[in-house]
Amino acid sequence: MTVGGTESAPKQGPGRRRAEPTKRVRSRSFGSLGAPRVPRPSFQSKTWRIAMISVAVLMLLGWFAWYATTPEDLPTDAKTTSASGVVSTPLYVGMFSAPDDFGRTLRISGVRVHATTSADMEVTPVLCRRGTVGVTTQPEQFCAELVNPEGERMVGGDSIVLKIVSEEPVVAVIDQIQIAYREDVRWDTQPAGHQQAIVTVTGRPAETGTDDESATE
């Protein structure tokens, strides 16, 4: 014991070290493979992306539907065609002619015809290939070929003609025709050609002759 002083700390014996407190380090949590966890996207952000994609798809479909159903209009005019014929003789009246510089190929699915008549008559649309017809009873002089237009292609230089046959006198007003067609991925039914046609079919002239007078003696 010492008086008036402090007791000195005992010296550490040889081969011994004083234990020091260990520091704890907080480690990050790892997955099963030891890789750090990636934060998951929130439900709201995923829903927003889906909504944006859906809007873009709907806009694309809407544009395609508009494009497919709005092809360029077919040529029309305000002309009225007057035609006359006789009963039982087919009369051909041209209603629409595609110009040589038409620059389009139409796949025709049908031709609609509306007529107001005073009696029964037959009206049949015909495709005139490489030719045009005004009014005639001999269309083969003007057309390279006459075919049913349904399912056929129409190009520049072709025309649509109406074949009219009546077995009795009749007067008819035929409205502007409408052509249903497809062009590439587009399709439509559109008016085409002349505004109307006025057709008069008359009876055949009565045959007249002179009766021989019998001579009497």
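**Figure 1. Contacts across the chain.** The protein has 1 helix and 11 strands, taken from DSSP runs (helices are H or I, at least four residues; strands are E, at least two; both numbered from the N terminus). Of the 217 residues, 28% are buried; here buried means under 20% relative accessible area, exposed over 50%, and partly exposed in between (1.4 Å probe, protein chains only).

**Figure 2. Close-up of the E183–R104 salt bridge.** A salt bridge puts a side-chain nitrogen of Lys or Arg within 4 Å of a carboxyl oxygen of Asp or Glu, and the whole structure has 3 of them. In this one, the closest N and O atoms of E183 and R104 are 2.8 Å apart. E183 sits in strand β10 and R104 in the loop between β2 (91-97) and β3 (106-112), so the pair ties together parts 79 residues apart in sequence. Both E183 and R104 are buried.

**Figure 3. R129 and its two glutamates.** Salt bridges with shared partners join R129, E145 and E152 into one network. For R129 and E152, the closest N and O atoms are 2.4 Å apart; for R129 and E145, they are 3.6 Å apart. R129 is in strand β5 and E145 in strand β7 (residues 145-147), while E152 is in the loop between β7 and β8 (153-154). R129 counts as buried because its relative accessible area is 16%. E145, at 38%, is partly exposed, and so is E152, at 27%.

Figure 4. L60, W63, F64, W66, Y67 and V185 make a nonpolar surface patch of about 660 Å². Patch members have over 30% relative accessible area and no salt bridge, with nonpolar side chains (Val, Leu, Ile, Met, Phe, Trp, Tyr) joined within 5 Å and like charges within 9 Å. Areas come from the Shrake-Rupley method with a 1.4 Å probe, and for residues only the protein chains shown count as cover. V185 is in the loop between β10 (170-183) and β11.

**Figure 5. Around P191.** P191 lies in strand β11 (residues 186-202) and is partly exposed at 36%. Leaving out residues up to four places away in sequence, P191 touches L74, T76, Q176, I177 and Q178.

**Notes.** Residues are numbered from 1 along each chain as its sequence is written. The model is predicted, with local features needing pLDDT of at least 70, side-chain atom pairs counting only at pLDDT 80 or more, and totals for chains, interfaces and linings using all residues; side-chain values use heavy atoms, leaving out hydrogens and water.

Notes. Contact = heavy atoms within 4.5 Å.
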